Amino acid sequence: MKLSTRGRYGVRLLIDLADHANEAQVTLASIAQRQGISMRYLEHIAVLLKRAGYIRSIKGASGGYSLASDPSKIVIGDVLRVLEGDLWVVDELRSGQEENALQRCIRSMVYDKLNQRISDVVDNLTLDQMAGTIDPDSAYMYYI
Amino acid sequence: MRISTRGRYSLEALLFLALEPGDALHNTRAIAEQTGISEGYLEQLFIPLRQKGLIVAIRGAQGGYRLGKNAAEISIGDILRVSEGSLEPVGCLANEPCGREGECASRLTWERLYSAITECADSITLADLVDAYEPIETEVHTEYAI
């Protein structure tokens, strides 16, 4: 019952961009260095986030990435669904697929409720709230 | 964020046992027939569930399995922690700290997600599922009859 690496790293990429919103463009190389994530992996995730409209890129020598919208408008649940496909704890029932009574009982009493609770958390959370939890410049100091 | 097949099958097998009278023993063949899970897989699932006391195994010709406690004392969280190992949505909260805890802006969110999942799974017991089962069974049988 784990989020994928893609989901976790994608959120970190967006948080990093939000934390450095005062810089016009942020390069993936600088994010890779700060976050300790490989460049190749970030490039892969950046393609997905760009396609979904969360980030935009400027090409060229002074190019890089920036958020495409205000961090307060970016819902973490939506981002995770782009990166994970969905957030369900079990596959959805396909049409025509039959469940026995045990399975149906567990679906309605357990899986549906877990899905609801997970959505409640991530759909009521925006990027600005996550980005605000740690001051990027003083985090190191705090930790000491 | 899927629950594994192991987790889903464990829930189904334990719900089956919870629906039966308290002292009745069921061998894996009977459980397999009712749940559609293979006998071999059931035996694998039952090893850790037995170690944690969620089920009891009685050996011998008349032997079999039953719940190890009252259904009201077994939560979904208890079962899933055995079958899934952990309910953490990310591996870094308790088991494998990554070393970036102090500067990780995601951690609070993953912790919140973890406690939502834990609270939910721990608040539902097998007895709750038993209570919900009967109308669902009637519904399923009616559909098949049509």
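Is Asp78(B) buried, partly exposed or exposed? With a relative accessible area of 25%, Asp78(B) counts as partly exposed, because that value lies between the limits of 20% and 50%. The model described here is predicted, and the mean pLDDT of chain A is 90. Chain B meets chain A through 47 of its residues, which are in contact with 43 residues of chain A. Over all chains, the structure holds 11 salt bridges.

**Confidence**

- In chain A, 92% of the residues reach a pLDDT of 70 or more.
- Confidence in chain A is highest in helix 5 (residues 101-123), at a mean of 98, and lowest in helix 7 (residues 139-143), at a mean of 44.
- The pLDDT is below 50 over residues 138-144 of chain A, a stretch that has five contacts in the model beyond near neighbours in sequence.
- Where pLDDT is low, the predicted coordinates should not be read in detail.

**Architecture of chain B**

- Chain B contains six helices and two strands, and from the N terminus on its elements follow the order α-α-α-β-β-α-α-α.
- The C-alpha trace of chain B spans about 55 × 40 × 25 Å along its principal axes.
- Of the 146 residues in chain B, 45% are buried.
- Among the contacts in chain B with a separation of 6 or more, 63% are between residues 24 or more positions apart.

- Helix 4 (residues 76-84) of chain B is mostly covered, with seven of its nine residues buried.
- These buried residues are Ile76(B), Gly77(B), Ile79(B), Leu80(B), Val82(B), Ser83(B) and Glu84(B).
- Gly85(B) follows helix 4 of chain B and has a positive phi, near 90 degrees.
- Within this helix, Asp78(B) and Arg81(B) lie three residues apart, about one turn of the helix, and their side chains form a salt bridge at 3.8 Å, N to O.
- An α-helix has 3.6 residues a turn, so residues three or four places apart point the same way.
- Arg81(B) is partly exposed, at a relative accessible area of 30%, and its side chain also meets that of Asp122(B) in a salt bridge of 2.6 Å, N to O.
- The pair links distant parts of the chain, with Arg81(B) in helix 4 and Asp122(B) in helix 5 of chain B, 41 residues apart.
- Asp122(B) is likewise partly exposed, with a relative accessible area of 34%.
- In chain A, a network of salt bridges links Asp78(A), Arg81(A) and Asp123(A).

**The interface between the chains**

- About 4200 Å² of area is buried between chain B and chain A, and carbon and sulfur atoms give 66% of this area.
- Between chain B and chain A there are four salt bridges and 11 residue pairs in polar contact, both residues being at pLDDT 80 or more.
- The side of chain B that touches chain A receives two or more residues from each of helix 1 (5-19), helix 2 (28-35), helix 4, helix 5 (107-123) and helix 6 (126-145) of chain B.
- The residues on that side of chain B divide into 26 nonpolar, seven polar and 14 charged.
- One salt bridge joins the side chains of Glu119(B) and Arg117(A), at 3.2 Å, N to O.
- Another salt bridge is formed by Asp91(A) and Arg2(B), whose closest N and O atoms are 2.8 Å apart.
- This pair joins two chains, because Asp91(A) lies in the loop between helix 4 and helix 5 of chain A, and Arg2(B) in the segment before helix 1 of chain B.
- Asp91(A) is partly exposed at a relative accessible area of 49%, and Arg2(B) is partly exposed at 29%.

**Individual residues**

- Thr28(B), in helix 2 of chain B, counts as buried at 8% relative accessibility.
- A polar contact of 3.1 Å joins the side chain of Thr28(B) to that of Glu39(B).
- Not counting residues up to four places away in sequence, Thr28(B) touches Glu39(B), Leu42(B), Glu43(B), Phe46(B) and Tyr65(B).
- His20(A) occupies the loop between helix 1 (5-19) and helix 2 (28-35) of chain A and counts as buried, at 11% relative accessibility.
- The side chain of His20(A) reaches the backbone oxygen of Asp16(A) at 2.9 Å.
- Ser69(A), in the loop between strand 2 (64-67) and helix 4 (76-84) of chain A, is partly exposed, with a relative accessible area of 30%.

Conventions:
Residues numbered from 1 in each chain as written. Chains lettered and ligands numbered in written order. Heavy atoms only, no water. Helix = DSSP H or I, 4+ residues; strand = E, 2+ residues; numbered from the N terminus. Buried < 20%, exposed > 50% of the residue type's maximum accessible area, 1.4 Å probe, protein only. pLDDT = per-residue confidence, 0-100. Contact = heavy atoms within 4.5 Å. Buried area = accessible area lost by both parts, 1.4 Å probe. Polar contact = N/O pair within 3.5 Å; in protein donor to acceptor, adjacent residues only side chain to side chain. Nonpolar A, V, L, I, M, F, W, Y, C, P; charged D, E, K, R; others polar.
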